[in-house]
Amino acid sequence: MQNVATEFDTIAAISTPPGEGGISIIRISGSKAIDAASKLYRGKDLRKVAGNTINYGHVYDPDSDEEVDEVMVSVMRAPRTYTKENIIEINCHGGIVATNRILQLILGLGVRLAKPGEFTERAFLNGRIDLSQAEAVMDLIRAKTDQSMKVALNQLDGNLSHLIANLRQDILDVLAQVEVNIDYPEYDDVETMTTKLLKEKAVEVKSEVQQLLKTAKQGKVLRDGLATAIVGHPNVGKSSILNLLLHEDKAIVTDVAGTTRDVIEEYVNVQGVPLKLVDTAGIHETNDKVEKIGVERSQKALEVADLVILVLDSSVELRDEDRKLLKQTSGMKRIVVLNKSDLTSKIDQNELQSYVDSTEIVHSSAVNPLGTKDLEERIAKLFFAGSIENSGNNIMVTNARHIGLLKQSEEALNSVLSGIEMGMPVDLLQIDMTRAWDLLGEITGDSYQDELLDQLFSQFCLGK
Ligand SMILES: Nc1nc2c(c(=O)[nH]1)N(C=O)[C@@H](CNc1ccc(C(=O)N[C@@H](CCC(=O)O)C(=O)O)cc1)CN2
Ligand SMILES: Nc1nc2c(ncn2[C@@H]2O[C@H](COP(=O)(O)OP(=O)(O)OP(=O)(O)O)[C@@H](O)[C@H]2O)c(=O)[nH]1
Ligand SMILES: [Mg+2]
């Protein structure tokens, strides 16, 4: 389905978070928006005011003639609006009663409640933004760190869209050239000529697709944070380390082993590295029912972690459970923290070195305010040394749907190339080349299935 101009019904929703606030905004979009608002509003005639103005007045219940709230109303006229439709935004006093009442009054006027993400869906369906830009809107709202916000904004600005559009144009150009060669052969060896053209372009586009895919790993980290599990025996100081990294007393710390019973997740920016820190219950054999579940969750967090912070209590000798964790995490990206370094060390260094490379070890102390500085530096170093793939132009693929489509288009281009090697006829090569073009188009939503839109936009916030 393409972006055809369709006449949609008029929708409304509260666009601000529910609860008490300074101001709440009720947003209406569609051809009836201005008429509907006019029926509730007393002030200047909204049908006559200029577009892109905000107007002071009052909302009245048209049935009871009762004043509902003092408001400011923005009037935005199609097509230069967020949805490309007429938009009214009623700014009322923040508070659930007035906001909901105004929404209910609007819904009585031939306006229906918007589905989550429906305003942005209209922006897409009405052709103001493409699908990858619509997806960026949600990424922007969900962004937890400055960097992930930057990547989302870059995508919202259409930079990924332009890159994809250029690749598709390149493919289209070569397909057109192939057609011309077939229809009007100037040379005897049309087959060789067109095959050469196709090969050149397939190699070129494939390399660009691979370049994009290379950014995916880091893009995902920037968006979701590097999944970092803090694990270790009970009472070694895991929660203390979480709190130090957060610069906030988030997790409960006590001298009772087994204080943390469930995993705790927090986002933090460590020297420019976005982390999703997971504090876990101490891992050990236990018969306590609740603790047991906690330990299982800790193991799970450990298994899915991008980075493991394994904490050891350096004031006691190594235990079997420590040895087990040291073995289990070898080969993972990890930092082994010797905590409680303010106390006398009882860990056998020789034995420790048989499990850990000395570069993996960091000493820390939760009672010393500088205790985590080394740890922070080590995290940043590990991250920046290993995994930064800078694409140079700040375009990063962060979205699983996009990654899947890029991989599929890479496969289609591989089929073109292997087809050429095997001497396949040009019309079969054209099919694979066209498939690559189609798949790239799905990223920007040049072609899509209605189910995809339902699935994508249902994950959005109400009123967005
Ligand atoms: N009050 C309010 N604040 C908001 C939004 C909104 O809809 N309402 N936004 C959204 O949720 C975001 C801003 N995004 C927007 C994007 C495009 C257009 C828009 O009207 N674009 C037109 C005209 C641009 C122009 O005048 O130059 C266009 O692209 O044609 C409006 C908002 C964040 N803040
Ligand atoms: N001396 C000293 N005590 C520490 C240090 N780090 C933590 N502690 C103490 O060790 C005890 C346990 O700390 P927690 O951070 O709760 O340990 P945990 O690993 O999260 O424990 P569980 O959640 O029970 O598995 C508390 O009494 C802390 O004050 C440290 O570096 N030095
Ligand atoms: Mg704890």
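Reader: What makes you say that serine 239 touches other parts of the chain, not counting residues up to four places away in sequence?

Author: In this predicted model, serine 239 touches Ala251, Ile252, Val253, Thr259, Thr260 and Asp279, with residues up to four places away left out. Contact here requires C-beta atoms, placed from the backbone, within 7 Å, and these residues meet that condition with serine 239.

Reader: How do you know whether threonine 260 is buried or exposed?

Author: The cut-off for buried is 20 or more; threonine 260 has 23 C-beta neighbours inside 10 Å and therefore counts as buried. Threonine 260 sits in the loop between α8 and β9 (264–270). Beyond four places in sequence, its contacts are Lys238, Ser239, Ala251, Asp279, Thr280 and Ala281.

Reader: What does the UniProt annotation "binding site" cover, and why can its residues be said to gather at one spot?

Author: According to the unreviewed UniProt entry, the annotation covers Ser239 and Thr260. They span 22 residues in sequence, yet no two of their C-alpha atoms are more than 7.6 Å apart, so they gather at one spot.

Reader: Which residues come nearest to ligand 2, and what makes up the shell around it by class?

Author: Ligand 2 has 24 residues around it, of which Gly237, Ser239, Thr260, Gly282 and Ala366 come nearest. By class, the shell holds eight nonpolar, twelve polar and four charged residues. Helix α8 (residues 238–246) gives the most to this shell, with three residues.

Reader: And which residues are around ligand 1?

Author: Those are Arg80, Thr81, Tyr82, Glu89 and Arg128. In class terms, the shell around ligand 1 divides into one nonpolar, one polar and three charged.

Reader: Which residues of helix α5 are buried, and how do you know on which side of α5 they are?

Author: In α5 (residues 146–156), the buried ones are Gln147, Ser148, Val151, Ala152 and Gln155. They cover an arc of only 135 degrees around the axis, which puts them on the same side of α5. The buried residues of α5 pack against α4 (131–142), α6 (159–183), α7 (190–224) and β10 (273–279).

Reader: Why is the phi of aspartate 65 worth a remark?

Author: Phi of aspartate 65 is near 65 degrees, a positive value in a residue other than glycine. Most residues other than glycine have a negative phi. Aspartate 65 is in the loop between β4 (53–61) and β5. The limit for exposed is 12 or fewer neighbours, and with 7 C-beta neighbours inside 10 Å, aspartate 65 therefore counts as exposed.

Reader: What makes the peptide bond that joins alanine 78 and proline 79 cis or trans?

Author: Omega is about 5 degrees, and the bond is cis. Proline 79 has its place in the loop between β5 (66–76) and β6 (87–93). In general, most peptide bonds are trans.

Reader: How do you know how far apart the C-alpha atoms of lysine 464 and serine 15 are?

Author: The computed separation is 6.3 Å, for residues 449 apart along the chain. Lysine 464 is in the segment after α15 (450–457), and its contacts include Ser15, Gly117 and Phe119. With 21 other C-beta atoms within 10 Å, lysine 464 is buried.

Terms used. Residues numbered from 1 in each chain as written. Chains lettered and ligands numbered in written order. Predicted model: local features only at pLDDT ≥ 70, side-chain atom pairs only at ≥ 80, totals over all residues. Near = placed C-beta within 6 Å. Nonpolar A, V, L, I, M, F, W, Y, C, P; charged D, E, K, R; others polar. Helix = DSSP H or I, 4+ residues; strand = E, 2+ residues; numbered from the N terminus. Arc of directions from axis to C-beta. Contact = placed C-beta atoms within 7 Å. UniProt positions renumbered as here; feature names shortened; annotations may be inferred.
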